[in-house]
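Subject: Structure handed over, with notes

Hello,

Here is the structure I said I would pass on. Please have a look at the sequence and the model first; my notes follow below.

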Amino acid sequence: MRRNPVLNTAWRVGVFAVGATVLAGGLVMMVTPGPGIVGIVLGLAVLATEFAWAQTALHRAKAAAERAKQKALDPRKRRRNAALGATGGVLAGTLVVGYLAAYGFDLPWNVEDLTFWN
């Protein structure tokens with residue numbers, strides 16, 4: 001296939017189309033629900049089979065992922081993140097309770113006027 005210029009170009013275009021689609025899906029999933037990092041790495045892996053620039057980007061992404069893993073496993077940062085999460089949860093709970101105390105909240109089974117539900 002490499003000897004025939006037309007087949008080689010067609011193969012590279014196909015690999016680029018598939019890799020770019022998976023990569024774009026991964027980028028979209030970074031801001032929407034889904035495994036964005038996995039999509040980015042898979043897209044770069046597909047592209048790296050044919051393109052040197054993608055292989056370089058894949059190595060950099062793998063190195064960044066390894067650094068992020070090491071940071072996440074640092075005990076001091078884990079304690080800090082747990083403390084921040086607990087503080088944020090308590091603050092959010094306090095705000096919800098304060099809002100409900102100020103404005104009230106009637107549960108559907110405690111509503112006296114049932115005309116709304118009919």
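Glu66 and Lys69 form a salt bridge, with 3.7 Å between the closest N and O atoms. Both residues sit in helix α3, 3 residues apart, which is about one turn of the helix. Glu66 is partly exposed at a relative accessible area of 39%, and Lys69 is partly exposed too, at 43%. Please keep in mind throughout that this is a predicted model.

In total the structure holds 3 salt bridges. Another of them joins Arg12 to Glu50, where the closest N and O atoms are 3.8 Å apart. Arg12 belongs to helix α1 (residues 5–29) and Glu50 to the loop between α2 (36–48) and α3 (52–72), so this pair ties together parts that are 38 residues apart in sequence. Arg12 counts as partly exposed, with 31% relative accessibility. Glu50 has 13% relative accessibility and counts as buried, because the cut-off for buried is under 20%.

The salt bridge between Arg76 and Asp74 also has its closest N and O atoms 3.8 Å apart. Arg76 counts as exposed, at 59% relative accessibility.

Next, the aromatic rings. A search of the whole structure gives 2 aromatic pairs. In one of them, the rings of Phe16 and Phe51 have centres 6.0 Å apart and planes at 85°, so the pair is edge-to-face; the angle qualifies because planes over 60 degrees apart count that way. Phe16 lies in helix α1 and Phe51 in the loop between α2 and α3, so the pair ties together parts 35 residues apart in sequence. Phe16 is partly exposed, with a relative accessible area of 42%, whereas Phe51 is buried at 13%. Ring pairs link Phe16, Phe51 and Trp53 into a cluster.

Is Gly43 buried or exposed? Gly43, which is placed in helix α2, counts as buried, with 0% relative accessibility. Leaving aside residues up to four places away in sequence, Gly43 touches Gly19, Val22 and Leu23. Gly43 and Leu27 are 16 residues apart in sequence, and their C-alpha atoms are 9.9 Å apart in space.

On the surface, Val96, Tyr99, Leu100, Tyr103 and Phe105 form a nonpolar patch, with about 590 Å² of accessible area together. Val96 is placed in helix α4 (residues 75–103).

Finally, the chain as a whole. There are 4 helices and 0 strands, and the elements run α-α-α-α from the N terminus on. Of the 118 residues in the chain, 14% are buried. The accessible surface of the chain comes to about 9400 Å², and 68% of that belongs to carbon and sulfur atoms. Among contacts between residues at least 6 apart in sequence, 32% join residues at least 24 apart.

Best regards

Methods:
Residues numbered from 1 in each chain as written. Predicted model: local features only at pLDDT ≥ 70, side-chain atom pairs only at ≥ 80, totals over all residues. Heavy atoms only, no water. Salt bridge = Lys/Arg side-chain N within 4 Å of Asp/Glu carboxyl O. Helix = DSSP H or I, 4+ residues; strand = E, 2+ residues; numbered from the N terminus. Buried < 20%, exposed > 50% of the residue type's maximum accessible area, 1.4 Å probe, protein only. Patch = residues over 30% accessible without salt bridge, like charges linked within 9 Å, V, L, I, M, F, W, Y side chains within 5 Å. Areas by Shrake-Rupley, 256 points an atom, 1.4 Å probe, with all protein chains shown as cover. Phe/Tyr/Trp six-rings, centres within 6.5 Å; stacked < 30°, edge-to-face > 60°. Contact = heavy atoms within 4.5 Å.
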